[in-house]
Amino acid sequence: MLPREAWFDLSRKLDWSYSYASEREVFPELISGTPWLEHAEWQDWNEPYRTTYGEYVTNQAAKEVAVHAVRAAVGRIEDFQQHDRRWLSALKLHAATLPLAEFAAVIGNLRAARFGRDSAWRTTATLGALDELRHTQIPLLVMHELVRWDPQFDWTHRFYHSENWVAIAARHLMDEMLLLADPIEFALATNFVFETGFTNLQFIGLSTIAHDLGDRMFETMVKSIQTDEARHAQIGPAVLKTIVAHDRAYAQRLVDKWFWRNWQLFSVVTGFSMDYLTPLDQRKVSFKEFMYEWVLDQFARSLAEFGLAKPWYWTQFLASIESYHHAVYASAYSYRATVWFDLALPSAAERAWLRDKYPDTWDAIDPIWERLAQRWSEGGPQLEWYAHGTTPVGFCNLCQLVLCGGSPGPNTAQVIDHDGARYIFCSEPCRRIFEQEPARYASHRDVVKRILAGEAPANMLELLRHFGLTQDMWGKDVDRAVR
Amino acid sequence: MLVPLYGFVAGDTLGVLVLVHDHETIAELAARAQQAATVRVAPRARAYVVVRGARVEPWLSVSAAGLTALDRVDIIGEEA
């Protein structure tokens with residue numbers, strides 16, 4: 001048998017000249033992405049893993065065996081029943097937002113596997129597509145077992161198919177980033193910003209928390225996924241290098257746009273989990289500390305390596321680390337029946353911990369919890385609705401998340417008129433992203449516009465049904481709910 | 001005519017959808033927004049409304065104040 005070096009490039013990097021079609025016809029700019037460059041500009045494309053298909057299959061088979069062995073040992077209902085209810089809520093939140101987003105990423109990778117501009121890129125994207133299929137299947141399999149015990153776990157599959165407000169926001173992001181983007185934008189948005197900047201590190205943090213909590217199943221699943229992500233995320237820097245060399249302004253614009261868009265959903269999913277849904281005695285670091293240690297330093301270093309600047313909204317971003325997920329969590333808690341996982345009202349000890357971790361902003365948030373605790377005290381444990389909102393709330397016309405950008409404190413909401421219609425945004429970055437490509441976003445209806453158009457009900461109980469929730473599924477207070 | 005507005009009550013964490021009639025007063029609008037946020041923020045007996053950076057007289061009607069659908073209004077509680 002030939003040594004690896006003798007056949008390696010034939011299996012991974014094989015480009016050729018076209019004889020009866022032009023390169024522009026084989027790789028149309030509309031699908032392959034902007035800027036369109038001759039292949040000569042891409043021929044040095046490389047990434048550090050340099051995996052062959054045979055190696056991939058061998059490695060992945062070993063990982064699958066490990067995941068299934070752990071599932072057989074500690075992946076039964078009885079094992080999950082032993083976990084803290086807060087942590088189970090964090091699992092439900094991640095379980096819903098992860099697998100079908102990964103499935104959409106299969107499509108994004110497959111587009112790159114055909115229309116990526118170098119053969120090594122296409123090979124790596126092919127393996128990336130197989131990775132993402134695996135990341136769809138594992139959580140669906142693991143959580144499916146739990147549906148018999150707790151119907152909220154059904155949202156692992158149900159979530160992206162629903163008209164739930166969180167699902168609308170997640171789809172608005174994922175559809176654009178994973179399904180619509182050309183391979184260049186996909187590589188910068190997904191591989192560079194989302195995977196290298198956020199999820200690769202998020203998975204390390206989450207698996208550590210799961211380990212400390214004794215959740216071996218989630219720890220193993222996330223670690224196994226992370227090792228795949230670490231590999232195919234390398235597509236991002238390899239593409240970014242060429243784009244920066246030819247159109248630095250475009251590279252900067254894409255990085256700026258996608259860092260903000262990813263940050264918002266990330267801060268909700270991970271911020272909730274780290275600062276509210278991890279039991280207090282197991283919290284090692286706050287979400288803010290995690291962001292500074294794992295995301296900010298590394299991402300800023302990555303940008304500097306490519307000669308790119310920090311996004312123009314960096315000051316606003318740093319401010320939002322201090323308050324955004326707290327504002328969304330308090331808002332979601334007061335509308336907990338609109339989501340598919342339970343939320344916890346922070347105890348006095350938790351509020352003291354949060355004040356210690358967020359000394360500059362917590363005093364603005366804490367009165368909300370004081371008020372909610374007072375409502376519970378007045379209403380009593382049987383009256384979940386006395387501490388629950390009944391009026392529809394506003395949503396950002398870009399990110400589709402609730403209007404929480406800076407209220408309390410300086411309200412960052414911004415209103416504009418465009419083509420005879422009015423739009424509201426939670427923040428200046430959301431407004432500017434909209435204004436850069438209004439044709440892409442203007443016709444999307446947020447929940448409020450659906451209500452006003454008669455496409456969704458305004459009554460809260462009817463709205464819950466519209467969101468796909470029934471009483472056995474909708475979110476409740478972890479400690480106070482009557483079950 | 002009903003006018004849907006985005007109401008931000010000072011001290012609250014999110015904007016709420018407030019439906020008012022165009023003939024209702026700004027004071028009634030403030031009360032309705034505070035009621036919508038009452039789970040999170042205790043209503044104040046006295047509150048004023050800010051539109052596009054300017055304080056609006058409480059006796060003005062919604063239409064006289066120039067408010068139209070999906071405008072943003074801020075409701076600020078006054079200390080007793």
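Biologist: To begin, what percentage of the 483 residues in chain A is buried?

Modeller: Buried residues make up 50% of chain A. A residue is called buried if 20 or more other C-beta atoms lie within 10 Å of its own, exposed if 12 or fewer, and partly exposed in between, with C-beta atoms placed from the backbone. Please keep in mind that this is a predicted model: local features need pLDDT of at least 70, side-chain atom pairs count only at pLDDT 80 or more, and totals for chains, interfaces and linings use all residues. Residues are numbered from 1 along each chain as its sequence is written, while chains are lettered from A and ligands numbered from 1 in the order in which they are written.

Biologist: Thanks! How many helices and strands are in chain A?

Modeller: Chain A has 22 helices and 2 strands. Both are DSSP runs numbered from the N terminus, helices being H or I with at least four residues and strands E with at least two.

Biologist: And why is chain A called as compact as a globular protein of that length?

Modeller: Its radius of gyration is 23 Å, close to the 23 Å that the globule rule gives for 483 residues, so chain A is as compact as a globular protein of that length. The radius is taken over C-alpha atoms, and the rule is 2.2 Å times the number of residues to the power 0.38. Along the principal axes, the C-alpha atoms of chain A fill a box of roughly 80 × 60 × 40 Å.

Biologist: Let's look at some helices. At what angle do α7 and α8 of chain A pack?

Modeller: Helix α7(A), residues 99-115, and helix α8(A), residues 119-144, pack at about 165°, with their axes 8 Å apart. Axes are lines fitted to C-alpha atoms, for helices over the stretch in contact, and angles run from 0 to 180 degrees between N-to-C directions. The two helices are therefore roughly antiparallel. Angles under 35 degrees count as roughly parallel, over 145 as roughly antiparallel, 65 to 115 as roughly perpendicular and the rest as oblique.

Biologist: Which residues meet there?

Modeller: Among them are A:Phe103, A:Val106 and A:Leu110 in α7(A), and A:Trp121, A:Ala125 and A:Leu133 in α8(A). Being in contact requires C-beta atoms, placed from the backbone, within 7 Å. By class, this contact has 14 nonpolar, 5 polar and 3 charged residues. Here Ala, Val, Leu, Ile, Met, Phe, Trp, Tyr, Cys and Pro count as nonpolar, Asp, Glu, Lys and Arg as charged, and the others, Gly among them, as polar.

Biologist: What about α11 and α13 of chain A, how do they pack?

Modeller: Helix α11(A), residues 183-213, and helix α13(A), residues 235-246, pack at about 130°, with their axes 8 Å apart. That makes α11(A) oblique to α13(A). The contact includes A:Ile184, A:Leu188 and A:Phe192 of α11(A), along with A:Ile235, A:Val239 and A:Ile243 of α13(A). By class, it has 9 nonpolar, 3 polar and 1 charged residues.

Biologist: Switching to chain B, in what order do its elements run?

Modeller: From the N terminus on, they run β-β-α-β-β-β, which comes to 1 helix and 5 strands. Buried residues make up 44% of the 80 residues in chain B.

Biologist: How many residues of chain B are in contact with chain A?

Modeller: 21 residues of chain B are in contact with 28 residues of chain A. Strands β1 (2-9), β2 (16-21) and β5 (72-77) of chain B each give two or more residues to that side, and β1(B) gives the most, with 3 residues. By class, the side of chain B that touches chain A has 13 nonpolar, 3 polar and 5 charged residues.

How values were computed. Contact = placed C-beta atoms within 7 Å.
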